[in-house]
Amino acid sequence: FGILIFRLKQSMKEVTRLSTIDSLTGLYNRRQFTLLSPIAFDNWKRLKENIALLTYDLDNFKLLNDTYGHPVGDVVLKLVATKIQQCVRNKDILARYGGEEFVVILSDCSLDDAKNWAERVRGVISKSPLTVGKLKINVTVSIGITETTPADESLDDMVNKADSALYNAKNTGRNKVSSYLEVVSLNSILV
């Protein structure tokens, strides 16, 4: 009977792991991010401690997959995830958001600090080719950043702002960091 309980507990741990962790990268999955991120947002509202939200997207990932195949693309995703993970603190939340997109919540972090952090991670990824078997593959990422503001009613507001900044980074040359404030400034100039 004891072995049955042990196996049941092991199975429950595995089910929990599979429901919270992205099987390819080992990071939190989008589902777990949506469960954890409101806690960070609520802490910001309660403690007034800035949080920054960053979205990362691998540049030209479809071309990489078309050129080298999906197995190589999978290894590239794992390697990039590892590089980002090595830069986050225990109190931060890092997840694979979908496809080749990652999202990070940096707790107690101003926009300027988040930009510096993002530039460092972007540089780490872009300056050293990734080794996949005998291949050396250069990879770059575009990054969108926002920080909490009184106008934010939910974390979804922040995700939308970071995505706008991410698209700005991609549309203005890729391998860049762009903040939502830059998008707002650009739009005000164009209007």
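Predicted model: local features only at pLDDT ≥ 70, side-chain atom pairs only at ≥ 80, totals over all residues.
1. I'd look at β3 (residues 101-107) next, as seven of its seven residues are buried. Glu-101, Val-103, Ile-105 and Ser-107 point one way from the strand, while Phe-102, Val-104 and Leu-106 point the other way. Note that Glu-101 and Ser-107 are among the buried residues here.

2. Now for the neighbours of β3. Strand β1 (residues 51-58) runs antiparallel to β3 and is joined to it by seven bridges. To get your bearings on that pair, Tyr-56 stands opposite Phe-102, and Ile-51 has Ser-107 as its bridge partner.

3. Strand β2 (residues 93-98) is also antiparallel to β3, with five bridges between them. Gly-98 stands opposite Glu-101. The β2-β3 hairpin has two residues between the strands, and Gly-99 takes a positive phi there, near 50 degrees.

4. On packing, the largest nonpolar core has 34 residues, and the ones touching the most other members are Leu-54, Tyr-56, Val-76, Ile-84 and Trp-117. At least two residues of this core come from each of β1, α3 (61-68), α4 (70-85), β3, α5 (111-127), β4 (130-132) and β6 (141-147). Another core, of 15 residues, lies apart from it, and includes Ala-40, Ile-51, Leu-53 and Val-103.

5. Leaving aside residues up to four places away in sequence, Ile-84 touches Tyr-56, Leu-94, Phe-102, Val-104, Trp-117, Val-121 and Ile-125.

6. Helix α6 (residues 155-171) checks out on length: at 1.5 Å a residue its 17 residues should span 24 Å, and the end C-alpha atoms are 24 Å apart, so the two agree. Ser-154 caps the N-terminal end, with a side-chain oxygen 3.3 Å from the backbone nitrogen of Asp-156. Just after the helix, Gly-173 takes a positive phi of about 125 degrees.

7. One more thing on α6: its buried residues include Leu-155, Met-158, Val-159 and Leu-166, but also Lys-161, Asp-163, Asn-168 and Lys-170.

Notes: Residues numbered from 1 in each chain as written. Heavy atoms only, no water. Helix = DSSP H or I, 4+ residues; strand = E, 2+ residues; numbered from the N terminus. Expected span 1.5 Å × (residues − 1). Buried < 20%, exposed > 50% of the residue type's maximum accessible area, 1.4 Å probe, protein only. Polar contact = N/O pair within 3.5 Å; in protein donor to acceptor, adjacent residues only side chain to side chain. Pairing = 2+ DSSP bridges. Core = buried A, V, L, I, M, F, W, Y, C linked by side-chain atoms within 4.5 Å. Contact = heavy atoms within 4.5 Å.
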